[in-house]
Amino acid sequence: MHRPDNGRKWLGRLPHKWESRFLKHKLRKITDGAHVSPDMSESAYPFVSTVDIKNGRFDFDNCLKTSLKSFLTLSSQGCRPKEGDVLFSKDGTVGKTVLIFYDKDFVVASSLIILTPNKSEVFPAFLDFMLRSHFVLEQINSFVKGSALKRVSLLNIKKVIGVFPSIREQQLISSYLKRTCQLIDKTITTKQDQLETLEALKKSIIHKAVTQGLDDSVEMKDSGVEWIGEIPSHWKVKIVKRDFTVTLGKMLQSQQKNEFETEEYYLRSANIKWAGVDVSKVKKMWFSPFEREKLKLELGDLLVSEGGDVGRSSIWNGELSDCFIQNAINRIRPISGKGSNHFLYYWLFTLKTNGHIDAVVSRITIAHLTAEKLEKLIFLSPPIKEQKKIATHLDQKTTQIEKLKKNIVKQIETLELYRKSIVHECVTGKRRITIEDLKEQ
């Protein structure tokens, strides 16, 4: 039996005797986290924030710590959660939740809100699931402010409308969802492990091919480089500039300086991905005739991030008809007959994934893979025909692996959508949970 929704049409119809009420009317209290920086004179007690929430739990090992004096002061101000409280993130990644299962000596920062249920009316685990449901998150998102750092206020959290069956039904729903979500999460973890295994396999296949080639029977020799080890005897150890030219892009120019300059599309470091150049967000700036001639991209150019995630690389496949590069990107072209951009792309992938590039650019300030540093990177150079053969082989292998990874990612997305859907259905009464449902699990 259902009853009208009391004017809250976005909720739809609720089961008989279910209530839709403001959170502030059903909870004992709603408390903001500490609006102060932690006293770090001694690392005694965890001072946690939104960034410390990992999969519904706190990462106490890596969070900030505060002093005993600060802990006691903040505890007296209500910033110390207790067993049965539910924490909700209101800054940054809005909507993360943590259910406190036991008392622990820690305090929370202002990016978190402590919701303390009236346990005679609200079962803590049910509150946790309800806060994760999209009918609650939709309300909260309507209050969110900020573009760079999203946030929602304590006052707006109090305005959120929740749905409340009897305490007994809340317990049944919570038990059912706990078991169901655990099964879903276990399956997702298995899928994520599969992704990691495939990524490790891809790295291994690429590393072997670019350091040892495709012929396991070929004669080997010492490369003279400890971390590389032996290489085919007919390969050479060089540096990049022996076989390639490196050109840095143009500094940003937002204003036209003369009538000969034209406004053109250019690529930033953010556009460079290992999977290919992302042209979904491409900006424009002014280029002179000389700069257009020097920096216009050609099919097959290898683009390497100079800043940001240094060393990340893409092959340019003509994604735009006319496009140029900013000085956050180095463009590489092979010297005629000497090297293959395609092979070098896979070589740079190995240098990046084994930490060599990051070690080369390591600095106190922001890391940059300058053209000079890029030119001096070590490069294993097989004959050009062999470079092309290896690159083609790796294209086939990595395409197969990426296809498998893509299918697994879709499976994970489907599981996550199913989890959201079943939480929503249960906490809004669209799916009624009984003792029999628990017995069947």
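Helix α3 is mostly covered, with 8 of its 9 residues buried (buried means under 20% relative accessible area, exposed over 50% and partly exposed in between, with a 1.4 Å probe and protein chains only). The buried residues of α3 are Pro124, Ala125, Phe126, Leu127, Asp128, Phe129, Met130 and Leu131. Helices (H or I, at least four residues) and strands (E, at least two) are DSSP runs numbered from the N terminus. The model is predicted, so local features need pLDDT of at least 70 and side-chain atom pairs count only at pLDDT 80 or more, while totals for chains, interfaces and linings use all residues. Residues are numbered from 1 along each chain as its sequence is written, and side-chain values use heavy atoms, with hydrogens and water left out.

Helix α3 packs against helix α4 (residues 134–143) at an angle of about 60 degrees, with the axes 5 Å apart. Axes are lines fitted to C-alpha atoms, for helices over the stretch in contact, and angles run from 0 to 180 degrees between N-to-C directions. The two helices α3 and α4 are therefore oblique to each other (angles under 35 degrees count as roughly parallel, over 145 as roughly antiparallel, 65 to 115 as roughly perpendicular and the rest as oblique). On the α3 side, Met130, Leu131 and Arg132 meet His134, Phe135, Val136 and Leu137 of α4, where contact means heavy atoms within 4.5 Å. By class, this contact of α3 with α4 has 5 nonpolar, 1 polar and 1 charged residues. Ala, Val, Leu, Ile, Met, Phe, Trp, Tyr, Cys and Pro count as nonpolar, Asp, Glu, Lys and Arg as charged, and the others, Gly among them, as polar.

The largest nonpolar core has 38 residues, of which Leu23, Leu115, Leu127 and Leu177 touch the most other members. Helix α3 (residues 124–132) gives the largest share of this core, 6 residues. A nonpolar core is a set of buried Ala, Val, Leu, Ile, Met, Phe, Trp, Tyr and Cys residues joined through side-chain atoms within 4.5 Å. With residues up to four places away in sequence not counted, Leu23 touches Leu115, Leu127, Met130, Leu131, Ile157, Lys158, Val160, Gly162 and Phe164. Another core, of 35 residues, lies apart from it and has Trp235, Leu302, Leu377 and Ile390 among its members.

Helix α8 (residues 341–353) has 13 residues and reaches 18 Å from its first C-alpha to its last, close to the 18 Å expected at 1.5 Å a residue. The expected span of a helix is 1.5 Å times one less than its number of residues. Of the 13 residues of α8, 11 are buried, including Phe343, Tyr345, Trp347 and Lys352. Gly355, whose phi is positive, near 90 degrees, follows α8.

Several single positions were also examined. Ser89 lies in strand β9 (residues 86–89) and is buried, with a relative accessible area of 0%. Not counting residues up to four places away in sequence, Ser89 touches Thr50, Val94, Gly95, Lys96, Ser111 and Leu112. Ser89 and Val152 are 63 residues apart in sequence and 8.9 Å apart in space, C-alpha to C-alpha.

Met285, in strand β21 (residues 283–287), counts as buried at 2% relative accessibility. Leaving aside neighbours within four places in sequence, the contacts of Met285 include Lys250, Leu252, Thr262, Tyr266 and Ile325. Between Met285 and Glu121, 164 residues apart in sequence, the C-alpha to C-alpha distance is 60 Å.

Lys238 is placed in strand β16 (residues 236–239) and is partly exposed, with a relative accessible area of 23%. Not counting residues up to four places away in sequence, Lys238 touches Asp243, Leu377, Ile378, Phe379 and Ser381. The C-alpha atoms of Lys238 and Glu169, 69 residues apart along the chain, are separated by 71 Å.

Lys17 sits in the loop between β2 (14–15) and β3 (19–22) and is exposed, with a relative accessible area of 67%. Although Lys17 is not a glycine, its phi is positive, at about 75 degrees.
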